[in-house]
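Please read the report below with the sequence and the 3D view side by side.

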Amino acid sequence: MHNDVLVIGGGHAGLTAAITAAENGAKVLLLEASPKNMRGGNSRHTRDLRIMHHQPTKVLTDIYPAKEYWDDLVRVTNGQTNKHLAYLTIRNSANNVKWLQQHGVCFQPPLKGTLQLGRTNAFLLGGGKAMINALYHSAELLGVQIRYDSTVTMLTLDENHFVEAILENGQTIEASALIVASGGFEANREWLEKIWGKIAKNFIIRGTPYNRGLILKQLLEKGAKQVGNPKQCHAVAIDGCAPLFDGGIVSRVDCITLGIVVNKHAKRFYDEGEDLWPKRYAIWGHLVAQQPDQIAYVIIDAKSEKMFIPSAFPPKTANTLLELAQKIAIDPDALLKTVHEYNASIQPGTFNHTKLDNCHTQNLAINKTHWARTIDTPPFKAYLLRPGITFTYLGVTVNDKAQIIMADDQPSKNIFAAGEIMAGNVLAEGYLAGTGLTIGAVFGRIAGKEAAQYATN
Amino acid sequence: MQPIETLHEAKRILKICNACRYCEGHCAVFPAMETRLEFQEKDLYYLANLCHNCGSCYHNCQYADPHEFQVNVPQTFAQLRKESYVLYTWPNFMGKILERNGLWVTLVTVMSLIIFMLLTPILIGQKTFLGIHKNGFYGVISHEIMVILFGIVGISALIILLISMIRYWRAIGLPPLWTIRIRVIKKAVWHALTVKYLDGGAGQGCTYPNETPSLWRRRFHHLTFYGFLLCFAATTTAAVYYYLFNWKGPYGWLTLPKLFGIPGGISLSIGCAGLLYLKWKADSPLIASKNTGMDIAFILLLGLTGFTGLTLMFYRYVGFVGPLLIVHLSVVMSLFLLAPYSKFIHAFYRIIALINYELESE
């Protein structure tokens with residue numbers, strides 16, 4: 001049976017591509033590695049898309065012009081972005097909400113919540129899984145053939161031209177065009193260990209266990225041009241009690257700026273109050289990864305209670321710091337010393353957690369520059385932190401038709417990419433909330449249209 | 001699951017929900033949850049009755065089965081709702097009827113059918129029972145007897161219901177009714193009458209029976225509820241005709257009792273059939289298996305009330321007025337008798353929870 005377009009990966013980008021290809025007249029087969037009830041890759045865990053807009057809408061407040069979007073992108077990536085593709089993404093992001101709504105996805109009114117993203121980001125009603133369910137339904141209505149539990153282990157290329165894909169069970173699938181939307185490699189521990197060494201054993205994978213990067217590896221081996229640094233990944237300090245995979249949003253620990261963070265030797269190692277939390281949380285994964293055993297503890301006292309969204313896991317709680325140290329099995333004397341030194345160095349100030357306030361420490365080797373308050377009011381709480389990887393940046397290079405670029409800098413005529421596997425073209429390091437889904441949406445539509453055109457002509 | 005276990009499970013799940021909050025746009029439960037960090041028994045019995053079992057937060061949950069967190073809010077809350085019915089019902093020992101409700105509803109219905117069937121022919125004679133009467137079914141059982149019988153049962157049921165509701169009202173910490181602003185009550189009642197929280201949050205509908213949102217559950221609920229109200233209006237107008245104007249039935253096709261009753265009966269029958277169909281099709285994780293008996297028994301009872309009432313209207317053409325009337329009366333009697341001890345009470349628990357929600361939102 002012949003397929004016009006084969007899509008590998010059933011997350012948001014793959015579904016967008018499959019739906020667009022089907023709407024452009026192609027006969028589409030979509031392969032999803034996971035079983036049906038775990039479908040959708042990391043899109044299951046997403047919540048919002050960053051959208052350029054010139055006037056307030058039902059789901060976005062105020063305006064967010066292209067220039068500001070671009071400036072944000074340059075700031076977080078330190079310029080590690082392809083300007084042409086970035087502007088293509090930014091301009092086309094304006095169509096994302098309408099496209100998704102036309103395919104059964106609902107949004108909620110702008111949030112007033114903690115991250116203050118209601119201006120720049122449109123929030124999915126019910127989150128990523130609701131979106132995924134709607135897109136699968138939409139794809140089915142359009143006649144896209146969907147196969148679950150289908151892992152592609154091998155791609156056959158003939159001079160940069162896709163010929164066939166071979167499944168885990170040995171079956172081969174031919175198609176006129178291929179769209180890869182199979183995500184990054186963050187769930188592939190061997191690969192992570194190759195890059196990070198033994199410490200990768202202690203990383204927690206926040207998303208799907210199915211992003212093993214098999215297709216990414218195949219393409220890079222077969223001459224696709226790499227984008228991004230393999231060592232770059234989005235890593236957050238998450239609750240150390242989270243499961244090894246798929247812990248998602250509930251593993252976040254939002255109280256680092258309110259307390260102090262110590263390693264297993266009870267030593268502080270970074271300024272907890274450097275900047276507002278939304279601007280700093282993405283550095284803490286790497287910071288914790290550099291500590292012994294890749295663990296750390298946030299310690300807060302009763303004053304910080306109810307000032308942050310609680311994690312799903314109960315912290316260790318004690319009425320004295322001594323007891324707390326025993327509960328988390330770190331040297332009590334060392335912890336008491338660290339806390340006493342910290343408390344003694346705090347300068348008078350007016351605490352205000354919503355802005356950069358003037359509560360800070362002085363004369364410490366590592367000062368806390370904002371929101372420094374004494375830790376002295378029981379009960380004391382300690383949250384265990386570990387590095388949690390959300391996604392990786394290594395990917396395949398693409399052009400503005402979403403065609404992947406091969407080592408000779410020529411595009412492959414019938415291999416297209418969308419989503420995390422090519423996100424590094426726009427966002428090669430750093431993090432800007434809601435950009436991942438936006439890249440997936442924009443390149444999903446481009447890839448779907450281009451692949452259908454190629455396959456049906 | 002025993003009550004303590006369900007409470008424990010609900011607390012476990014809500015810790016996860018409270019850290020996630022992706023569902024906050026779907027209904028009132030999640031915004032209400034977010035204002036709390038700890039969940040006491042009264043909070044859980046409140047939140048459980050605020051839940052309409054629309055399924056959205058299950059089908060859209062990244063932590064639902066097969067995820068190791070095994071989050072299933074609708075099922076846990078359905079179980080908890082039933083436990084709250086048992087807990088607050090008056091008198092306490094009658095909670096047993098709610099525990100095995102499917103059985104009791106069937107038993108009471110069958111018993112009232114048997115009693116009516118045996119007694120009526122004995123009291124009025126075989127010939128009258130099977131005959132055709134110029135004053136319709138009042139020829140079988142007189143208007144006075146029906147009014148006295150159903151009046152006594154209905155008023156008793158109402159009193160019991162009221163006491164149970166006061167118990168629940170107090171248990172979840174609501175202040176006295178007269179201290180609450182009219183605006184709050186109006187909003188809560190409006191959300192109950194429109195079944196707002198079966199709209200999925202953006203009007204797309206709820207994910208019941210499967211993950212694709214649909215408005216059919218809400219439509220069938222409307223058909224059922226407003227069908228029931230129309231039937232009630234038919235009976236009430238008939239009583240007004242009788243007592244105020246001394247107009248005696250049977251009434252013509254273009255009189256109020258008929259104009260209310262016929263569409264009401266049809267609507268109630270279709271609504272209940274639809275709700276039963278959706279329940280039959282529903283993904284099993286949405287259903288708390290121990291509640292199924294209670295839910296199905298109530299829908300069947302309501303549906304039969306509508307359907308038998310409708311049949312009775314056409315008695316002229318089918319004959320057998322006596323038996324038809326007896327079947328209808330038995331079903332209605334069972335509905336009245338069990339009003340405080342069946343799923344009928346969900347409407348009242350729901351309204352109280354909605355009032356609490358609107359009060360908290362002020």
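## Overall build of chain A

Chain A contains 12 helices and 18 strands, and it should be kept in mind throughout that this is a predicted model. Along its principal axes, the C-alpha trace of chain A spans about 75 × 50 × 40 Å. A compact globule with 457 residues would have a radius of gyration near 23 Å, and because chain A has 23 Å, its value agrees with that expectation.

Of the 457 residues of chain A, 55% count as buried. If we take the contacts in chain A with a separation of 6 or more, 75% of them are accounted for by residues 24 or more positions apart.

## The nonpolar cores

Which residues touch the most other members of the largest nonpolar core? They are Val5(A) and Ile179(A), in a core that has 141 residues. Helix H12 of chain A, which covers residues 435-456, gives the most to this core, with 11 residues. Domain 1 (3-232 + 393-456) and domain 2 (235-388) of chain A both give residues to this core, and therefore it lies between them.

Leaving aside residues up to four places away in sequence, Ile179(A) touches Val5(A), Val7(A), Ala17(A), Phe416(A), Ala418(A), Ala447(A), Gly448(A) and Ala451(A). There is also a second, separate core of 97 residues, and among its members are Ala19(B), Cys27(B), Phe228(B) and Val332(B).

Strand E18 of chain A, made of residues 411-417, is mostly covered, since six of its seven residues are buried. Strand E8 of chain A (residues 172-180) is joined to E18(A) by three bridges, and these two strands run parallel. Within this part of the model, Val180(A) has Ala417(A) as its bridge partner in E18(A).

Strand E17 of chain A (residues 403-405) also pairs with E18(A), here in the antiparallel sense and over two bridges. The bridge partner of Ile405(A) in E18(A) is Pro411(A). The hairpin of E17(A) and E18(A) has five residues between the strands, and in this hairpin Asp409(A) takes a positive phi near 65°.

## Where chain A meets chain B

How many residues does the contact take from chain A and from chain B? It takes 24 residues from chain A and 23 residues from chain B. On the side of chain A that touches chain B, the residues divide into 10 nonpolar, nine polar and five charged.

## The two domains of chain B

Chain B is divided into domain 1, which covers 3-88, and domain 2, which covers 96-361. The centres of these two domains of chain B, taken over C-alpha atoms, are separated by 28 Å. Where the domains meet, 29 residues of domain 1 of chain B are in contact with 30 residues of domain 2 of chain B.

On the side of domain 1 of chain B that touches domain 2 of chain B, helix H3 (41-50), helix H4 (56-59) and helix H5 (73-88) of chain B each supply at least two residues. The largest share of this side comes from H5(B), with nine residues.

Terms used. Residues are numbered from 1 along each chain as its sequence is written. Chains are lettered from A and ligands numbered from 1 in the order in which they are written. This is a predicted model: local features need pLDDT of at least 70, side-chain atom pairs count only at pLDDT 80 or more; totals for chains, interfaces and linings use all residues. A nonpolar core is a set of buried Ala, Val, Leu, Ile, Met, Phe, Trp, Tyr and Cys residues joined through C-beta atoms within 7 Å. A residue is buried if 20 or more other C-beta atoms lie within 10 Å of its own, exposed if 12 or fewer, and partly exposed in between; C-beta atoms are placed from the backbone. Helices (H or I, at least four residues) and strands (E, at least two) are DSSP runs, numbered from the N terminus. Domain bounds come from an automatic or database domain assignment. Two residues are in contact if their C-beta atoms, placed from the backbone, lie within 7 Å. Ala, Val, Leu, Ile, Met, Phe, Trp, Tyr, Cys and Pro count as nonpolar, Asp, Glu, Lys and Arg as charged, and the others, Gly among them, as polar. Two strands pair if DSSP finds at least two bridges between them. The radius of gyration is taken over C-alpha atoms; the globule rule is 2.2 Å times the number of residues to the power 0.38.
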